[in-house]
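Thank you all for coming; I would like to take you through one structure this morning. Please have a look at the sequence and the model on the screen, and then we will go through the contacts one after another.

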2 protein chains.
Amino acid sequence: MRRIAPDRDGLLAMIGEIFREHGYEGASLALIGAATGLGKGSLYHFFPGGKEEMAGAVIAHIDGWFEDNVFAPLRDRADPLTGIEQMLDATDSYFRSGRRVCLIGAFALDESRDLFADQIGSYFGRWVVHLAGALERSGHRAGEAGELAEEAVAAIQGALTLARAANDLDVFSRALRRLRMRLGLRAKV
Amino acid sequence: MRRIAPDRDGLLAMIGEIFREHGYEGASLALIGAATGLGKGSLYHFFPGGKEEMAGAVIAHIDGWFEDNVFAPLRDRADPLTGIEQMLDATDSYFRSGRRVCLIGAFALDESRDLFADQIGSYFGRWVVHLAGALERSGHRAGEAGELAEEAVAAIQGALTLARAANDLDVFSRALRRLRMRLGLRAKV
DNA sequence: CCGAAATTGTACCGATTGGTACAATGAGTC
DNA sequence: GACTCATTGTACCAATCGGTACAATTTCGG
């Protein structure tokens with residue numbers, strides 16, 4: 001049986017927060033070391049590829065979380081609206097109602113995109129595709145479902161940007177509430 | 001009469017592209033020097049405050065462009081729909097149909113936000129407020145206009161992120177086309 | 001308890017970071 | 001031509017960057 005390094009999930013989560021807050025360039029090994037309590041020796045032991053491998057692993061980690069908690073419900077739920085509801089709840093919880101920012105979205109903006117273009121493209125691409133699938137099964141025509149899905153994912157990203165720019169979390173909750181209705185769910189209790 | 005440094009606008013534009021592509025941390029003085037053809041001597045002559053002053057001036061420069069080409073039409077046009085149309089055209093042209101990314105939006109995401117929080121907040125805040133005003137004058141109820149304006153600005157930011165993530169400019173044009181209809185304009189020719 | 005492997009701390013590397021100092025040059029004014 | 005002030009190139013600074021080397025230590029199965 002493969003022995004997993006102790007709490008690799010927790011490690012990736014901590015490193016992820018540094019990348020999330022400081023960006024790829026801004027996340028120095030000193031910051032990462034301070035946040036994790038690990039010296040360079042340990043960090044390069046777990047990630048021989050250095051900073052780039054760390055960032056790639058963090059992206060994969062986040063991607064896995066979304067695969068399980070967002071994409072899978074959209075794809076597998078018998079009732080597509082239930083899947084969509086689950087996506088919105090998971091999204092709200094992941095981004096801590098707007099307190100957190102989307103690391104993968106942030107990476108998409110600057111030059112670090114080039115290093116992780118495939119992972120970034122796949123993450124957003126699958127989000128849109130699976131949401132479009134659920135929308136189609138919930139009664140939308142194919143083309144319309146695709147556009148609506150793209151609009152919804154973009155709305156989430158934009159709301160995160162705006163919420164942080166305005167330093168106002170309500171921006172994000174308002175966006176999610178609008179999405180809920182727009183995607184065919186009744187207003188939340 | 002005040003003697004303006006030769007082509008300060010052009011200088012800020014060049015520096016702005018570096019910040020846009022590499023982010024605040026990633027934009028090194030070496031890159032900025034290479035892009036502008038200026039050595040440190042000149043750069044620190046024009047911006048004694050160093051990198052931070054450069055970024056601040058770049059933000060102000062962009063803000064001024066939006067004030068003239070986006071906010072002013074929204075505020076001053078007699079026909080609000082003409083103003084909105086002008087906003088969308090200016091936006092499409094500024095972001096080069098999605099080839100360019102929003103520097104201010106990118107700054108909002110990482111820690112560099114703290115340095116420029118006021119400028120960033122004002123930029124997006126005024127965008128939303130003036131768009132909301134135009135929407136209200138075009139017949140929307142006040143609250144609804146505010147939400148729609150917020151939704152529209154977020155949609156633009158999100159579309160820029162998504163377009164770059166997918167490396168597909170059509171994502172941005174589709175978003176603008178949807179906005180056009182959603183904000184009360186007839187489909188474009 | 002032993003040996004092997006996983007893990008860690010520390011010292012070190014060359015390169016680059018943002019920033020400063022300053023002398024040389026530029027151009028325009030009297 | 002002399003004076004002034006804007007502009008520039010160069011040398012330099014301490015600090016930090018990402019990364020490497022490696023010996024010391026832990027950990028753990030046998």
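This is a predicted model: local features need pLDDT of at least 70, side-chain atom pairs count only at pLDDT 80 or more; totals for chains, interfaces and linings use all residues.

Between them, chain B and chain A bury about 3,300 Å², with 55% of that on carbon and sulfur atoms; buried area here is the accessible area, taken with a 1.4 Å probe, that two parts lose on being put together, summed over both. Residues are numbered from 1 along each chain as its sequence is written, chains are lettered from A and ligands numbered from 1 in the order in which they are written, and side-chain values use heavy atoms, with hydrogens and water left out.

How many residues does each chain bring to the contact? Chain B brings 36 and chain A brings 37, where contact means heavy atoms within 4.5 Å. Of the interface residues of chain B, 100% are also interface residues in chain A, so the copies meet through the same surface.

B:Arg178 and A:Glu151, for instance, meet through their side chains in a salt bridge of 3.4 Å, N to O. Between chain B and chain A there are also 20 residue pairs in polar contact, both at pLDDT 80 or more; a polar contact is a pair of N or O atoms within 3.5 Å, and within protein one must be able to donate a hydrogen and the other to accept it, while residues adjacent in sequence count only if both atoms are side-chain atoms.

On the side of chain B that touches chain A, at least two residues each come from helix 1 (8-26), helix 6 (103-109), helix 8 (117-137), helix 9 (142-166) and helix 10 (170-182) of chain B. Helices are DSSP runs of H or I with at least four residues, strands are runs of E with at least two, and both are numbered from the N terminus. Helix 9 of chain B gives the most to that side, with 12 residues. By class, the side of chain B that touches chain A holds 13 nonpolar, 9 polar and 14 charged residues; Ala, Val, Leu, Ile, Met, Phe, Trp, Tyr, Cys and Pro count as nonpolar, Asp, Glu, Lys and Arg as charged, and the others, Gly among them, as polar.

How are the two chains related? Chain B can be laid on chain A by a turn of 180 degrees and a shift of 0.0 Å along the axis, with an RMSD of 0.0 Å, the copies being superposed by least squares on the C-alpha atoms of residues with pLDDT of at least 70 in both. That is the relation of a two-fold axis. Of the residues of chain B, B:Gly158 comes closest to the rotation axis, with its C-alpha at 1.9 Å.

Of the 14 residues around DNA strand D, the nearest are A:Leu29, A:Lys40, A:Tyr44, A:Lys51 and B:His45, and a residue is near a strand if one of its heavy atoms lies within 4 Å of it. Sugar and phosphate make up 59% of the atoms of DNA strand D that come within 4 Å of the protein. Helix 3 of chain B gives the most to the surface near DNA strand D, with 4 residues.

For DNA strand C, there are again 14 surrounding residues, and the closest are A:His45, B:Leu29, B:Lys40, B:Tyr44 and B:Lys51. Here sugar and phosphate account for 58% of the atoms that come within 4 Å of the protein.

Technical notes:
A salt bridge is a side-chain nitrogen of Lys or Arg within 4 Å of a carboxyl oxygen of Asp or Glu.
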